[in-house]
Structure formats: C-alpha cells, structure tokens
Amino acid sequence: MSSKELNVPDVRMVSDGSSHCFFGYYDKCPWDQSNNHLLFHRISGMDLPTGDTLAAVGYCDMERRNSFIPLTTTNSWNWQQGSMLQWLENRSGKKILFNRAIPEGYGTILFDIDRNEETLYGRPLAAASPQGDFIVSYNYDRLAVTHPAIGYSSHPVDYNLDGCPDNDGLFYVDLETRKEMLIFSYRDASDFSTEDSMSKATHWFSHAAVNPIGTRILFLHRWSECVADENQWFHRLMTISPDGSDVKVLQSSEYPLLVGQTDEVWTYEYEKNVNQISHPVWLDDNQILAWSTRNGRSRYHRYFDRSDDVEEIGGHILRENGHFTCSPDKKWLLTDTYPDPNDFKRSLLLFDMETEEVIHLGDFFADPSLTKDARCDLHPRWDREGKLICIDSVHEGVVRQLYTLDVSRWCKTLV
C-alpha cells in the first residue's frame, strides 16, 4: 500500500526496512525532551523471532536523519509492549528505562546514554512516574500465564499459580533509594469491594500508569476462573496513591461472555465484547480516559479520580475500541482501530475533543497471518510538540517498521 493510498501527508519510514523495528505501547512518548531522538527496538533478521530472541534498544536522530543507533540489548520483550522501553522523564541527561531478565526473574534497567552506564533494579518496570522519582512494578511471570501478549517468557513459565497471593501484586520502587514496597497485593484486590466471581479466580494487574504530578497510580485489576479465554475475564479500573492508601474503584465490568458465546469468534472479538475495560490513560492529574461499558454501551469514557462522575466521549462516532492518547494541548484524541475482519485494515483517527469532528488519517493493512500475540497494532503516539505522530505498522509486509506522520496540517493550534 503506497503513501498516496493512505491519503496522509509525509508518511515516513524511520527504520530502514531490513529488520523488525517497533517502539511498543501507545501510552509512552518515544521522543526525548529535545524532540529529536526517537527511541525504538530492533530485532536482527527478517523472520518472526522466537521467545529467546534479543532485541536491541536504541534511537535515531530525527534532525540529522541518522539510522538506528544501538545502545544495548534486552531479552525480555513482547510484540505489544516491547520491553516497556521509555525515556526517564524530568531528569538531566538522556536516560532510558526498560526490562531485562535477571536470575531472580525480571528487573528494570536504567541506562544512562551520556555515560554509557546501566543501573539495575530488582523489580520489572510496569510504569514510571513522569516526575522521574519512582516506578511501579508487577509480576511478568504471572502475566505470561494470565495475559501472554504482555507477559515475558525468558524464564520457564510456571502455570501453577496461586489465585491471589498476599506477598505479590503492585509494588512501588524508589529510583534514588531503591526502597521497594508492596502497596497492593492480589489478596488485597480480591478482598477490596469483593465480588462473588473473585473467590475462586486467578487475579492479576496490568496497564499501570502514573499521573503527571506523580500522586496517583491507575491500573487494571483483572480476574477469571478461565484465564485462557479473554472473553471470560472480569475487569476493574482502579486508582491508588504511591504509598498504598486511598484505593478507589472507578469502574467494574458488567459481565463476561458465556462459554457458548465464544465459540469460533473472530481473533479480535474479545476487544469488542461488552465486558471489556481497556487502555486507560491519564488526561491530566485527575482525569482518566478508558474504553469501557456502562449500561450496556461500550464507548470511550472520561473518569474523574476519587469521584463517581463519568462522561462518554464521542459516542456518536467513536464506536470501536482502540489505543488512544491526547495531544499535548489536550485538543485532539489520537486513536486506532483493530483490523476490519473483511479487508484486514486498521484505521488511524484524529478526534477533535471540542468540536467532536473526526479526521480519518488513513487505513493500514495488517497481514492476517500474524497471530494474536504477534500482531502489530498501530499504537499511535504523539511527539512532544503535537506535530508528528509515530506508529508501528506492517502495511508494507509482515516485517514491522516504525513510521512517522506529519499531522500539523490539521493540528494548527498546537505549539
């Protein structure tokens, strides 16, 4: 598919096409504070990798149009979230964070680019505070069983899980002092505003994020007696303070699909069922955007932390689940869709939060031969100025590449 067929301005492949290249998830900015260095993973070779394939982490200089500059490697990554690769915000110099396997399991690497030095933390990265002072952690061995698309398998996977242990869960890790603290265990989750479906279920956490001022953490609490079938998961959108206090449930899923309803469903049908709560992001220090179902209607919803206030966003036109973030000035919502089951194209959309108009940026073919866990979602992300967006895509073949799109033509109000 050519750039003309995509009908978007200045579609540019950042990677060189010789290997699999991608950034990872939608909720992190791959550009550094200078807006010149674009961070991503590179996998040697063209073949789809095995579980023990190393991923190089590095960046390209957008101003000088340099090719990939490798920094180091990791053996702990997946196609959806990569290695949780991201810039360490609000700190001097160029520093990045990502996950890597260690003998005890998985840990976080803080890599100082200027000094070419690594610092290891003994717990894996789930989310980093935008203030640069702490990270949030949970168990990727557990995710390898409960949600393989975002788990790691660098170590042998133990499928014999305790349903809700009291010594594991959501951890706080101070990047300066290295102090670790379990702030909310899986047992805590099963006992907090407990529901009947929790008693015999396996519990896990995912999709953690810290608000801009570093005072609140959002995460998804999920549980099921049948973790292998995502249609039978239960979901809760929750928030908590970094010290483990002031826990809130903002939304609970209504009900799972019954076993008989999940036979021979399309690969992505689980993303569209009425039980789903997914892809939460902080809009500011108090507001959260998430895909969720309220009163049988699945749409984007804006939640207000520590409040019962909820409002639907763009419900007349944004009717599909996707990966979404807001522009730096909060005017534009950027999102994608899952592939259409007929032509296997993913749409890329800009939604004006004020006028509720939608700009259709283009459609990107996704080869249906890619499995669910190896799929390539667009995961669109903004640059620091709100003029460029970055996507991972396979529209030119099964080898994923990193692309940037110039959206300044529409987002003229951005600085």
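I count a disulfide as a pair of cysteine sulfur atoms within 2.5 Å. This is a predicted model, where local features need pLDDT of at least 70, side-chain atom pairs count only at pLDDT 80 or more, and totals for chains, interfaces and linings use all residues. Residues are numbered from 1 along each chain as its sequence is written, and side-chain values use heavy atoms, with hydrogens and water left out.

**Entry: cysteines**

I looked for disulfides and got zero. For burial I use relative accessible area with a 1.4 Å probe on protein chains only: buried is under 20%, exposed is over 50%, and partly exposed is in between. C226 comes out partly exposed at 31%, while C411 is buried at 2%.

**Entry: D168**

I take helices (H or I, at least four residues) and strands (E, at least two) as DSSP runs, numbered from the N terminus. D168 sits in the loop between α2 (140-146) and β12 (169-174).

My salt bridge rule is a side-chain nitrogen of Lys or Arg within 4 Å of a carboxyl oxygen of Asp or Glu. For charge, Lys and Arg are positive, Asp and Glu are negative, and His and the chain ends are not counted. What does D168 have for a charged partner? D168 is buried without a salt bridge, and the nearest side chain of opposite charge, R142, is 5.0 Å away.

I did find a polar contact of 2.8 Å between the side chains of D168 and N139. That term means a pair of N or O atoms within 3.5 Å; within protein, one must be able to donate a hydrogen and the other to accept it, and residues adjacent in sequence count only if both atoms are side-chain atoms. I then listed contacts (heavy atoms within 4.5 Å). Leaving aside neighbours within four places in sequence, D168 touches N139, L182, S185 and Y186.

**Entry: nonpolar cores**

I define a nonpolar core as a set of buried Ala, Val, Leu, Ile, Met, Phe, Trp, Tyr and Cys residues joined through side-chain atoms within 4.5 Å. Which residues touch the most other members of the largest core? Y138, L170 and F184 do, out of 39 residues. Strand β14 (residues 202-210) gives the most to this core, with four residues. Apart from it I found another core, of 23 residues, among them F40, C60, W87 and I109.

I checked L170 in more detail. Its contacts, leaving aside neighbours within four places in sequence, include V136, Y138, M181, F184, F205 and I240. L182 is also in contact with L170, and L182 turned up in the D168 list too.

Most residues other than glycine have a negative phi. I noted N90, which is not a glycine but has a positive phi of about 60 degrees. N90 lies in the loop between β6 (86-87) and β7 (95-102), and is partly exposed at 46% relative accessibility. R178 is not a glycine either, and has a positive phi of about 70 degrees. I placed R178 in the loop between β12 and β13 (180-185), partly exposed at 42%.

**Entry: E63**

I found E63 in the loop between β4 (55-61) and β5 (69-74), where it counts as exposed at 60% relative accessibility. The C-alpha atoms of E63 and N36 are separated by 5.7 Å, with the two residues 27 apart along the chain.

**Entry: salt bridges**

How many salt bridges are there? My count comes to 20. I opened R100 and E118, whose closest N and O atoms are 2.9 Å apart. R100 is in strand β7 and E118 in strand β9 (residues 117-121), so the pair ties together parts 18 residues apart in sequence. R100 is buried at 18%, whereas E118 is partly exposed at 37%.

D352 and K331 pair at 2.8 Å between the closest N and O atoms. D352 belongs to strand β24 (residues 345-352) and K331 to the loop between β22 (324-326) and β23 (332-336), so this pair ties together parts 21 residues apart in sequence. Both D352 and K331 are buried.
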